[in-house]
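Hi there,

Here is the structure I promised to pass on. Have a look at it first, and then read on for my notes.

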Amino acid sequence: MIAFDFEYYKPTTIQEAVTLFYDLQANGKIPHYYAGGTEFISRARMHEIQVDAVIDLKGIPDCNEFQFNGNQLVIGSAVTLTTIADSNLFPLLSDVSRAIAHRTARNKITIGGNISGHLCYREALLPFLLADSEVVIAEKKGIRTTSIHKIYQNGVQLNDGEFLIQIITDGQFSNYPYWSSKKTKHSNVNYPIVSLASMKVDGKIRVALSGVCDFPFRTEQLELVLNDTSYSEQTRIQQVLNHLPGATHNDMHGSREYREFVLAQELAKLLQRSKGVS
């Protein structure tokens with residue numbers, strides 16, 4: 001049960017949603033963008049969030065687009081993880097999405113909600129980091145398109161009042177060799193100890209990780225280390241562990257030492273799997 005009342009709005013255009021957000025703020029209210037609603041409902045029930053109004057983005061056609069436009073795959077922020085998992089338009093993204101929660105939850109969780117949400121894992125973000133995707137953002141002044149790397153630097157960098165409209169990915173990234181794995185403490189639907197997504201592009205390994213630090217990440221330095229075959233695999237793995245972009249996550253689901261142990265195991269599998277794959 002949610003222990004507070006709130007107003008509900010379902011705009012049908014991007015401009016209507018943005019205008020509504022700032023009008024509500026100007027009237028002293030706390031608005032909140034909403035699509036699948038799973039995280040909002042959970043946090044509201046646990047008294048972690050309280051708002052005066054929710055703005056449902058599912059009525060905006062741009063947020064529901066999911067198709068190739070020429071050679072670009074366009075995914076609206078309100079598209080559910082089930083739709084993405086079942087479509088296989090971007091096979092790596094489908095695999096990663098299929099490993100998030102259970103199907104009933106994925107029927108509600110949207111791609112925008114997963115990668116912009118409050119939880120630190122945001123596993124669906126990993127394939128987009130590997131593909132250098134672009135994101136389309138609604139803001140007070142209109143719409144802007146920018147690199148996903150600028151929006152997700154050690155966490156979500158969206159400003160107050162902004163929301164994600166679409167993620168755009170070059171279609172070539174649907175064809176590269178890929179691999180993903182997710183390790184949890186107990187069942188497959190738990191939060192990840194380590195979630196790894198990888199592609200091999202022009203003979204080089206790309207890798208993005210979730211569950212290791214307090215944010216998902218892909219870094220150039222780690223990929224340089226992994227691709228430097230002048231060192232042994234064990235040395236490369238140790239170098240990755242030595243150059244993580246933040247402190248290793250340490251909570252009830254997994255200690256820092258355990259996460260680093262699991263990460264080393266998954267990186268070893270990745271290096272073995274990548275041999276002979278171009």
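Below is what turned up, starting with the aromatic rings and ending with one asparagine.

Please keep in mind that this is a predicted model. Searching the whole structure gives 10 aromatic pairs. One of them joins Phe4 and Phe6, whose rings are tilted at 55 degrees between the planes and sit 5.9 Å apart, centre to centre. Phe4 is buried, at 11% relative accessibility, whereas Phe6 is partly exposed, at 32%. These two residues also belong to an aromatic cluster, together with Tyr34 and Phe40.

Another pair to look at is Phe90 with Phe128, which is edge-to-face: the centres are 6.3 Å apart and the planes are at 65 degrees. Phe90 comes from the loop between helix H3 (81-87) and helix H4 (91-98), while Phe128 is in helix H7 (residues 125-130), so this pair ties together parts that are 38 residues apart in sequence. Both partners are buried: Phe90 has a relative accessible area of 2%, and Phe128 is at 0%.

A ring also features in the next item. Lys140 lies over the face of Tyr22, 4.7 Å from the ring centre.

Finally, what about Asn227: is it buried or exposed? With a relative accessible area of 19%, Asn227 counts as buried because the cut-off is under 20%. Asn227 is part of helix H9, which covers residues 220-227. Leaving aside residues up to four places away in sequence, Asn227 touches Gly203, Lys204 and Ile205.

How values were computed:
Residues numbered from 1 in each chain as written. Predicted model: local features only at pLDDT ≥ 70, side-chain atom pairs only at ≥ 80, totals over all residues. Heavy atoms only, no water. Helix = DSSP H or I, 4+ residues; strand = E, 2+ residues; numbered from the N terminus. Buried < 20%, exposed > 50% of the residue type's maximum accessible area, 1.4 Å probe, protein only. Contact = heavy atoms within 4.5 Å. Phe/Tyr/Trp six-rings, centres within 6.5 Å; stacked < 30°, edge-to-face > 60°. Lys NZ or Arg CZ within 6 Å of the ring centre and 35° of its normal.
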